[in-house]
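Please walk through this structure with me, one region at a time. Keep the sequence and the 3D view open as you read.

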Amino acid sequence: MAEPAAIVPGEPFSVGVKLTMKQHWHTYWRNPGDSGEPTQVTWKLPQGFSAGDIEWPAPSLIRVGPAANFGYEGETILLARITPPRDLAPGTTANLAADVGYLVCEKICIPGEASVSLAVPVAQPGAPSQTNVLFDAARGKLPQPSPWNATFGTDAKTITLSLHASDLRGDAIRSATFFPYDNSLIENAPKQILRNDGQTTQITIERSQIAKTIPKAIDGVLVLEEDIGGKTVPHAFAIEATPSAGPAAGEGGMTLLYAMMFALIAGVILNFMPCVFPVLSIKILHLTEQRAETPRRVRLHGIAYALGILACFTILAGVLYGLRAGGAEIGWGFQLQSPLMVASLAFILFALALSLSGILAVGASLTRVGGSRLLQQGGLPGSFFAGVLATVVATPCTAPFMGASIGFALVQPFAVGLAVFLALGLGLALPFLILAFVPGLQRLLPKPGRWMETLKQLLAFPLYATVAWLIWVLSFQVGATGLLAALAALVLIAFGAWAYGLSQGHASGARRAFQGLTAIALAGVVALAVVIDLNRPTESTAQAASSKAGYEAFSQQKLDALLASGQPVFVNMTAAWCITCLVNERTALSTGAVREVFGSKRIAYLKGDWTNRNPEITRLLEKFGRSGVPLYVLYRSGSEPVVLPQILTQSLVLDALKQI
């Protein structure tokens with residue numbers, strides 16, 4: 001609908017999109033709350049016309065089970081300002097149109113779309129502007145600029161808004177609800193607490209655990225309900241609060257200290273995860289070889305290994321924080337959500353395994369981990385590289401204590417988060433550092449001998465197994481063409497290694513020929529990597545397989561609907577590249593006893609597959625203070641959700657299910 005009966009060239013006018021919902025159904029505000037999507041309006045206007053942003057009416061708090069949404073029930077009008085060109089010809093007609101996309105929900109959610117249009121005549125320049133009672137009423141529901149100065153303070157768990165308003169009578173205000181524009185700032189469902197001392201009105205709000213940082217200003221809509229003559233009258237104000245004087249609490253050193261301690265312990269445990277242990281084994285073999293060297297030289301190898309790990313964790317933290325600051329919803333292990341990264345890691349490990357098997361001798365001082373040349377001057381870069389490799393292959397794993405520490409880090413400023421990441425890296429380097437710096441422990445290692453060459457070749461097989469696992473992970477991320485490209489690239493790497501090895505024992509002409517073959521093979525690997533990257537999936541394979549596996553694929557909409565119906569829900573957040581997740585599913589979640597309890601108690605089982613990037617899963621992880629998978633949450637009607645440990649046993653799961 002348009003406000004004026006006729007538009008005047010060059011003079012802005014208001015239009016509105018009217019949404020009418022059936023009883024108990026609702027649509028969403030610009031920040032939908034815990035779930036949902038705001039209405040989208042895509043304008044299709046004649047040439048020379050321009051449209052302003054949607055003017056959102058003040059929302060209502062809509063509770064759905066334990067969640068809370070921000071939106072509209074009954075009827076609402078979304079206003080926008082249209083500016084026509086000055087050269088419109090009077091007497092003609094302007095055809096205004098828009099595509100509207102919306103989500104309407106009750107116990108279930110239904111997305112919809114509509115194309116709307118309106119023909120409006122063009123009046124003579126200078127014609128009187130016209131108003132419409134319906135539009136006046138719609139403007140009355142828009143938040144008004146706040147007449148009061150607003151500030152805010154924070155601590156570890158809350159945000160407190162303060163309105164410096166002596167004219168607000170505390171006894172007359174029945175409730176206050178703040179709706180932030182930022183959808184990751186607050187916990188939406190908990191009750192907001194109102195206080196008034198006669199001079200200042202304060203609203204204390206539970207701070208979201210997924211908020212990356214507290215912004216320099218907090219803006220949103222504050223709805224105050226006032227008692228006027230026994231009748232409750234709502235007033236909505238647009239608020240922009242600035243930080244109050246003094247530092248924010250809750251950023252203190254003890255919390256950071258605990259986070260770093262947990263990260264250090266988690267880093268040590270990571271060494272014994274299947275994805276990291278082969279690299280640690282190779283480094284211990286280094287120490288066996290280095291026993292004939294001076295203690296100082298051995299310590300230098302330990303330091304180089306640790307520096308490789310810390311440098312890699314610094315880069316990883318920088319990239320992770322940078323992408324999150326840009327709006328990306330990612331967490332620990334995010335790089336393995338890229339098929340190209342998974343394939344590249346498989347290629348690197350395959351080349352290293354060929355080196356250990358004696359097939360590839362290229363760059364022995366750097367890539368031939370376990371070789372004797374590491375004892376020479378070039379060996380320190382090899383130890384540094386081994387530290388980098390240990391970090392890269394550790395990223396698919398999540399150790400106990402790690403979820404809480406990394407979850408804490410990702411909601412802190414970069415400097416604080418980096419300290420936690422470095423503590424995790426130090427824990428990963430610690431076992432090898434201790435061996436390098438304690439000669440007594442080195443003496444417990446067996447003496448060097450011919451057995452070391454056999455052991456070195458044997459250690460290639462865990463790397464081959466890791467390559468096989470990575471290719472299996474890749475099968476969840478790319479189509480048949482991408483998977484075939486990855487397998488072909490492995491064949492080309494083996495061919496290039498063979499050709500380069502032959503070149504070492506031939507005269508210069510034959511050597512150049514074989515090296516040319518090696519270059520062609522490597523170029524083929526790069527080309528195939530591009531094919532892999534282009535074959536990203538359009539939907540998760542978990543969606544297709546879920547019905548056969550006894551679970552449903554996770555979506556926030558499905559979770560909300562189940563909780564609204566009162567049904568208990570068990571949520572499993574996993575990924576194909578998460579070893580811990582796979583072990584938990586085999587040993588605890590897929591057993592007959594657990595499945596029997598799921599069935600007998602009618603527990604809905606939702607499984608979220610984070611193998612490929614999924615913002616909905618990321619948001620749920622962050623809601624529970626986690627930066628990566630696994631995450632196991634049991635929802636019970638009328639109770640707070642129960643978060644299970646990251647390492648599961650069947651008895652632990654059954655004990656949790658007894659609470660239903």
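Helix α16 (556-564) gives the largest share of the lining of the largest cavity, three residues. Helices here are DSSP runs of H or I of at least four residues, strands are DSSP runs of E of at least two, and both are numbered from the N terminus. A cavity is a set of points on a 1 Å grid over the protein atoms alone where a 1.4 Å probe fits but cannot get out; lining residues have an atom within 4 Å of a point. The model is a predicted one: local features need pLDDT of at least 70, side-chain atom pairs count only at pLDDT 80 or more, and totals for chains, interfaces and linings use all residues. Residues are numbered from 1 along each chain as its sequence is written, and side-chain values use heavy atoms, with hydrogens and water left out.

The largest cavity holds about 80 Å³ of space. Its lining has 13 residues, and the closest to the centre are Val64, Cys105, Glu106, Cys109 and Asp560. Both β2 and α16 supply at least two residues of that lining. By class, six lining residues are nonpolar, four polar and three charged. In this scheme Ala, Val, Leu, Ile, Met, Phe, Trp, Tyr, Cys and Pro count as nonpolar, Asp, Glu, Lys and Arg as charged, and the others, Gly among them, as polar. Across the whole structure, a search finds six cavities of 30 Å³ or more. Volumes are the space filled by probe spheres set on the grid points, which are joined across faces, edges and corners.

Two of the central cavity residues are cysteines, Cys105 and Cys109. What joins Cys105 to Cys109? A disulfide does, with an S to S distance of 2.1 Å. The cut-off for a disulfide is a pair of cysteine sulfur atoms within 2.5 Å. The structure holds one disulfide. The torsion about its S-S bond is about 115°, so the disulfide is right-handed. Cys105 is buried at 1% relative accessibility, and Cys109 is buried at 19%. Buried means under 20% relative accessible area, exposed over 50%, and partly exposed in between, with a 1.4 Å probe and protein chains only. Elsewhere, Cys312 is buried too, with a relative accessible area of 16%.

Now turn to the strands. Strand β6 (residues 67-73) is mostly covered, with six of its seven residues buried. It pairs with β5 (residues 60-64) in the antiparallel sense over five bridges. Two strands pair if DSSP finds at least two bridges between them. Within this pairing, Arg63 has Ala68 of β6 as its bridge partner. The β5 and β6 hairpin has two residues between the strands, and Gly65 takes a positive phi near 60° there. Strand β6 is also joined to β2 (residues 26-33), by four bridges, and these strands run antiparallel. There, Thr27 stands opposite Tyr72 in β6.

Strands β5 and β6 also contribute to the second largest pocket. About 530 Å³ of space lies in that pocket. Of its 21 lining residues, the closest to the centre are Ala58, Pro59, Ser60, Val223 and Pro234. Two or more lining residues come from each of β5, β6, β7 (75-83), β13 (173-180), β16 (218-228) and β17 (231-243). A pocket is an open set of grid points with protein on both sides within 12 Å along at least five of seven lines. Its lining has ten nonpolar, seven polar and four charged residues.

Next, check the backbone. Most residues other than glycine have a negative phi. His24 has a positive phi, near 80°. His24 lies in the loop between β1 (13-20) and β2, and is exposed, with a relative accessible area of 53%. Arg602 has a positive phi as well, near 55°. Arg602 sits in the loop between α18 (592-600) and β20 (604-609). Arg602 is exposed, with a relative accessible area of 56%.

Five strands form an open sheet in the order β18-β20-β19-β21-β22, with mixed pairing. Which strands lie at the edges? They are β18 (552-553) and β22 (642-643), and each pairs on one side only. Inside the sheet, β19 (residues 569-574) and β21 (residues 631-635) run antiparallel, joined by five bridges. Phe570 has Leu634 of β21 as its bridge partner.
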